[in-house]
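Have the viewer open and follow along.

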Amino acid sequence: MTDKVAGPDGSALSEGLGPLVDELAKLARQQHYYCEDSWYTCPAHPEGTANEFKERGVCDCGADKHNAAVEALRERIAAALKGPSV
Ligand SMILES: [Zn+2]
C-alpha cells in the first residue's frame, strides 16, 4: 500500500516537484528577439526578419541556445527527481 502524502523515500515530494519544474522551465524560455524595425528581428521569430543577409529561420538572438540550456536543465532535474535508475 502506498501512502500518497509522504512515502519514506520521499517519492510523494518528488512527484509533486515535477510540475513545478515544468512550470519553471516554461517561464525560463525566451522568445526570439523582435524589433519594430524588422531588419533587426531574429530570423527564427514567427514574423521573421527583413534582413535578406540573414539565413531564414536560423536564430541569431541567442534564444535557441538559451532554451536548449533550459531544456537540458529541466531534463536533468526530472531525471534526478525520478531517483537513481535501478
Ligand atoms: Zn532567435
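Leaving aside residues up to four places away in sequence, N67 touches R29 and Q30; contact here means that the C-beta atoms, placed from the backbone, lie within 7 Å. Before going on, note that this is a predicted model, where local features need pLDDT of at least 70, side-chain atom pairs count only at pLDDT 80 or more, and totals for chains, interfaces and linings use all residues. Numbering starts from 1 along each chain as its sequence is written.

N67 sits in helix α2, while A28 belongs to helix α1 (residues 11-28). Helices are DSSP runs of H or I with at least four residues, strands are E runs of at least two, and both are numbered from the N terminus. The protein chain has 2 helices and 0 strands.

The scale calls a residue buried at 20 or more other C-beta atoms within 10 Å of its own, exposed at 12 or fewer, and partly exposed in between. Of the chain's 86 residues, 7% count as buried.

As for α2 itself (residues 63-82), its 20 residues reach 28 Å from first C-alpha to last, close to the 28 Å expected, that is, 1.5 Å times one less than the number of residues. After α2 comes G83, with a positive phi near 90 degrees.

Key: Contact = placed C-beta atoms within 7 Å.
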